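Subject: Structure handover

Hello,

Here is the structure for your files. My notes follow below it.

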Amino acid sequence: MNSAPLPSHPLLQRLIKSAGVQAGLTPRSLRETIACRHWEALLLSAHPAHLPHLIVIRWLSRRDARSDREALRLLNQGIRYLQGAAARFDDPTVKSGLEEWARDFRKCTDYLSSP
C-alpha cells in the first residue's frame with residue numbers, strides 16, 4: 001500500500017497527526033489510513049469514539065493549503081463541515097467528538113487570524 005503525504009501546511013499536519021493519535025494510530029498506520037481507498041468500510045467498522053477523529057483525518061487528507069490564508073479558508077470550511085456532520089449523528093459520542101473538533105478548528109482560525 002502506498003502511503004499518502006500529509007498536507008503541506010504545518011498547522012494542518014499537526015491537526016491530522018493529533019487526530020491520528022486520538023484515534024490510536026501510529027505514524028505508519030496514520031499514513032496507511034490516509035492512503036486507504038476503502039473509507040466507507042473503515043468508517044463503518046470504527047468504534048464510535050474513534051469515528052470523529054477518522055472523519056477529520058479523511059477530510060483533512062483530501063485538502064491542502066500552502067499559505068496561512070489558504071489554511072484559514074480551509075479551516076473555516078472544515079468548521080461548517082464538522083458542524084453539519086455533527087448534526088447528522090444521533091450517537092452522543094460521535095456528535096460531541098465532531099463538535100470538539102469544530103471548536104479546535106475555530107481555535108486554529110483564531111490563531112491564524114491574530115496579528
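**What was found**

Serine 114 sits in the segment after α6; helices are DSSP runs (H or I, at least four residues), numbered from the N terminus. This is a predicted model, where local features need pLDDT of at least 70, side-chain atom pairs count only at pLDDT 80 or more, and totals for chains, interfaces and linings use all residues. Residues are numbered from 1 along each chain as its sequence is written, and side-chain values use heavy atoms, with hydrogens and water left out.

Serine 114 is partly exposed, because its relative accessibility is 40%. The cut-offs: buried is under 20% relative accessible area, exposed is over 50%, and partly exposed is in between (1.4 Å probe, protein chains only).

Lysine 107 belongs to helix α6, residues 92–113. Lysine 107 has a relative accessible area of 54%, so it counts as exposed. Lysine 95 is 12 residues away from lysine 107 in sequence and 19 Å away in space, C-alpha to C-alpha.

**α4 against α6**

How do the axes of α4 and α6 cross? They come within 8 Å, at roughly 45°, with α4 spanning residues 51–61. Axes are lines fitted to C-alpha atoms, for helices over the stretch in contact, and angles run from 0 to 180 degrees between N-to-C directions. The pair is therefore oblique. For reference, under 35 degrees is roughly parallel, over 145 roughly antiparallel, 65 to 115 roughly perpendicular, and the rest oblique.

Contact means heavy atoms within 4.5 Å. On the α4 side, the contact residues include Ile55, Val56 and Trp59; on the α6 side, they include Leu98, Trp101 and Phe105. By class, the contact has 10 nonpolar, 3 polar and no charged residues. Here Ala, Val, Leu, Ile, Met, Phe, Trp, Tyr, Cys and Pro are nonpolar, Asp, Glu, Lys and Arg are charged, and the others, Gly among them, are polar.

Valine 56 is part of α4. Its relative accessible area is 1%, so valine 56 is buried. Leaving aside neighbours within four places in sequence, valine 56 touches Ala19, Leu82, Trp101 and Phe105.

**The core**

The largest nonpolar core holds 35 residues. Such a core is a set of buried Ala, Val, Leu, Ile, Met, Phe, Trp, Tyr and Cys residues joined through side-chain atoms within 4.5 Å. Leu15, Ile57, Leu60, Leu75, Leu82 and Phe105 have the most contacts inside it. Elements giving two or more residues to this core include α1 (10–22) and α5 (68–88). Leucine 15 contacts Leu60, Leu75, Trp101, Phe105 and Cys108, not counting residues up to four places away in sequence.

**Cysteines**

Cysteine 108 is buried, because its relative accessibility is 11%. Cysteine 36 is buried too, at 18%. The disulfide count is 0, with a disulfide taken as a pair of cysteine sulfur atoms within 2.5 Å.
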